[in-house]
Structures are given as C-alpha cells and as structure tokens.
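Have the viewer open as you read.

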Amino acid sequence: MSDPQDLAAFLELGWQRLTRGVADRHAAARHPVFATVSPDGTPEARTVVLRGANRGESTVEIHTDGGSDKVVSLRSNPRAQLLVWDEKAKLQIRLSTRVTILQGGEVADRWNNVPEGSRMAYGASPNPGTSIPNAHAYTKLASLDWFTVLTCRIESIELMQLIDPHRRAVFMACNGWFGEWRVP
C-alpha cells in the first residue's frame, strides 16, 4: 500500500477503482447507486451501470432509458450523487455531480456500440414506472430515440476507507482537485 498520508495517492486509488468499474463487469464500481431528487423533492436512489469514467474530463457516464424517472428528475434538478462501496478495498466513493442529458443525434455514435441484445434496455411502452395490470404488460422497443446518455461532471469526490485506522478525504473540482483530510 502507498503512504496512507498521501492525498494524491488516495485520489488515485479512487480513480483506479472507478475506471476498473467501466472495464470489469465484476468490479464493485460497475454498479454504483445513483441518487437524484424528484421534482416534488423526494430522494430517489437506484443502481445503474457505470459506462464511462474520464479523469481528464472529470466525468462519469451512465446510459438510461429516456422515459425513466431519473431523466424527469434530472430535468428538474441536474445534480446527482453516485455512491460505490468497494468491499475489497474497504473503500466508499461518493461523487457529487452536475448531469448533462444527451439524446438523439448527440448519442448515435454510442448507440452504434451498444450490443443488439442490450439495446432492449432503452425504450418501453408504456414508459418505465407506469402502472401495469401484470408483470409483463409492456413492450420493449430498443430505440435510439429513447437511448439517453447521462454525462456526470464531477464537482467533488469523497473517499472513505474503512481500514485501521479509517481515513476520509474530500477533493473539490473548484480548487484543482486539491484534497483535504476529514474526520471519518
């Protein structure tokens, strides 16, 4: 392990775990919890699939159905948090973000890379979350029109590692990702 007092190394560990989540479907960061606030102020959290992590651009990327509640919520309030618990590293990663919603022609290049079988996750009739009379009273559409990319610009990264002794730090984009230690 690197020097436990080295803030830069701690941030590097967080980014390593995030980028691994994109490349390795068995990695803890592959399925973060994505939290938004509904237009009526209700907190909403759900598990998503991490599709991109770009340290140079300070972004992570998620793909979703354009008819989902999370898109409605993000149109009302573009802030979201992602939370990863990495059991192996005993590391919690919390990303506070501002989300940009991309659809249609803006995401056609990404749609072309979505495997045929996975395209069924994007588009449903009726819309996701609609009440239905039985478990299978819907149709999947596999439609570019509903394929939505959520680009999450990271504003802060909080890392907390539950090793002995525990350590916690916060890194802010507004100050060049300079970090500071916090009491765990």
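Glutamine 81 counts as partly exposed, since its relative accessibility is 29% and the scale used here calls a residue buried under 20% relative accessible area, exposed over 50%, and partly exposed in between (1.4 Å probe, protein chains only). Glutamine 81 sits in strand β5; strands (E, at least two residues) and helices (H or I, at least four) are DSSP runs, numbered from the N terminus. Taking contact as heavy atoms within 4.5 Å, and skipping residues up to four places away in sequence, glutamine 81 touches Val33, Phe34, Ala35, Arg94, Leu95 and Ser96. Serine 68 is 13 residues away in sequence from glutamine 81, and their C-alphas are 17 Å apart.

A bit of housekeeping: this is a predicted model, so local features need pLDDT of at least 70 and side-chain atom pairs count only at pLDDT 80 or more, while totals for chains, interfaces and linings use all residues. Residues are numbered from 1 along each chain as its sequence is written, and side-chain values use heavy atoms, with hydrogens and water left out.

How many residues of strand β9 are buried? The count is 13 of the 15 in residues 147–161, so the strand is largely enclosed by the rest of the structure.

| Partner of β9 | Residues | Bridges |
|---|---|---|
| β4 | 59–65 | seven |
| β6 | 91–103 | 13 |
| β10 | 167–172 | six |

Arginine 167 lies over the face of phenylalanine 10, at 3.9 Å from the ring centre; the test asks for NZ of Lys or CZ of Arg within 6 Å of the ring centre and within 35 degrees of the ring normal.

Leucine 102, in strand β6, is buried, with a relative accessible area of 16%. Leucine 150 is 48 residues from leucine 102 in sequence, yet their C-alphas are 6.4 Å apart in space. Leaving out residues up to four places away in sequence, leucine 102 touches Val107, Arg110, Phe147, Thr148, Val149 and Thr151.

**Cores**

Nonpolar side chains tend to be buried together in soluble globular proteins. Here a nonpolar core means a set of buried Ala, Val, Leu, Ile, Met, Phe, Trp, Tyr and Cys residues joined through side-chain atoms within 4.5 Å. The largest one has 30 residues, and Leu18, Phe34, Leu95 and Ile157 have the most contacts inside it. At least two residues each come from α1 (7–23), β4, α2 (69–76), β5 (79–86), β6, β9 and β10. Helix α1 gives the most, with six residues. Leucine 18 touches Ala29, Leu50, Ala53, Val84, Ile93 and Leu95, again not counting residues up to four places away in sequence. Another core, of seven residues, lies apart from that one and includes Val107, Trp111, Val114 and Phe147.

**Aromatic rings**

Rings of Phe, Tyr and Trp (its six-membered ring) pair if their centres lie within 6.5 Å; planes under 30 degrees apart are stacked, over 60 edge-to-face, and the rest tilted. The whole structure has four such pairs. One of them joins tryptophan 111 and tyrosine 122 edge-to-face, 6.2 Å centre to centre with 70° between the planes. Tryptophan 111 is in helix α3 (residues 108–111), while tyrosine 122 is in the loop between α3 and β7 (124–125), eleven residues apart. Tyrosine 122 also pairs edge-to-face with phenylalanine 147, at 4.8 Å and 80°. This pair spans 25 residues, from that loop to strand β9. Tryptophan 111 and tyrosine 122 are both buried, as is phenylalanine 147.

**Cysteines**

How many disulfides are there? With a disulfide taken as a pair of cysteine sulfur atoms within 2.5 Å, the count is zero. For cysteine 152, the nearest cysteine sulfur is that of cysteine 174, 18 Å away, too far for a bond. Cysteine 152 is buried, with a relative accessible area of 0%, whereas cysteine 174 is exposed at 73%.

Definitions and conventions. Two strands pair if DSSP finds at least two bridges between them.
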